[in-house]
Amino acid sequence: NLLKVGENGAQLVFFPKNKYPPAMIIKSDGATLYHTRDLATDKYRLEKYNPDLIINEVGAEQTLYFRQLYEIENLLGWYKEGQRVHVGHGLIRFKEGKMSTRKGNVIWMEDILTEAEKRAKKLGSKNEKLAEMVAIGALKYNDLKRDPKTEIVFDWDEILNMEGNSGPYLQYTFARCNSILAKKANAKKANAKFSPNAEELTILRKLFQYPEIIESAAKTYSPNILCTYLYDLAQKFNSFYNRHKILDTPEARLPAGQVYFRLKLTSAVATVLSSGLKLLGIEAPERM
């Protein structure tokens, strides 16, 4: 009973106390609009899933549209306050400027996936499944690592950069941890006292932050918080790996307690990286 017929025959919802401009639901010629379809979609979601929360991640310029939609659903009694959230994000653009469908200046998802797999193979991923895993992970991470409100610059060199803040870099760090752990056959649990060095303590402190990071990212609908954390953890571990031996070798003898501790630290880093990537919807390959 919310629909009212406007002057030209269109059907609209008028909000109490003119909280928002009227929302058109059916055009005068009977055609549907985005509001019509979103209402149908959310009614279907309500009946099939009865969700506690629905998040729409759509451009920030659609803020008024979603405020209208959520208010209508509130008036209908479908969803309570806070169960519908709009995360407004910036535009995706090329380094040279904005994309435009009218000008034909766009890049299609199928072409992106094909090109990403091709470039992943050049990084050394000859295995088809691994190349696909790296390619899709790289594309997802490129979107998720930024504050949703900022623009996303589509840059192939950044997306598949093995040294920088990228999906492949995190995947490679996880694979490196697994490679180390696979060689631990001769390492035995040691009861000898061992004091971690400054770098090891830094990694430990970082690991302890993980639950807080997940909670913060979830509360603020900001997966970029988790991305930043995982990148920082990977950097700290790789820096440690490049400066210190982890396994006992004839060339570099290490105390048993130190080897055991460093293997446990490596295992913890691998666990957190795998868990974090999974939360981001990115697969973590055992080998790369």
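Visitor: Which residue forms a salt bridge with Asp42, with the closest N and O atoms 2.8 Å apart?

Guide: A salt bridge here is a side-chain nitrogen of Lys or Arg within 4 Å of a carboxyl oxygen of Asp or Glu. In this predicted model, local features need pLDDT of at least 70 and side-chain atom pairs count only at pLDDT 80 or more, while totals for chains, interfaces and linings use all residues. Residues are numbered from 1 along each chain as its sequence is written, and side-chain values use heavy atoms, with hydrogens and water left out. The partner of Asp42 in this case is Arg45. Both belong to helix 1 (residues 34-49), and because they are three residues apart, about one helical turn separates them. Helices (H or I, at least four residues) and strands (E, at least two) are DSSP runs, numbered from the N terminus.

Visitor: Is Asp42 buried or exposed?

Guide: Buried means under 20% relative accessible area, exposed over 50%, and partly exposed in between (1.4 Å probe, protein chains only). Asp42 is buried, at 1%, whereas Arg45 is partly exposed, at 29%.

Visitor: What is the N to O distance between Arg84 and Asp42?

Guide: Their side chains form a salt bridge at 2.7 Å. This pair links distant parts of the chain, since Arg84 lies in strand 5 (residues 84-89) and Asp42 in helix 1, 42 residues apart. Arg84 is buried, with 8% relative accessibility.

Visitor: Which residues are linked in the network of salt bridges?

Guide: The network joins Asp42, Arg45, Glu73 and Arg84.

Visitor: How many salt bridges does the rule give?

Guide: The count is eleven.
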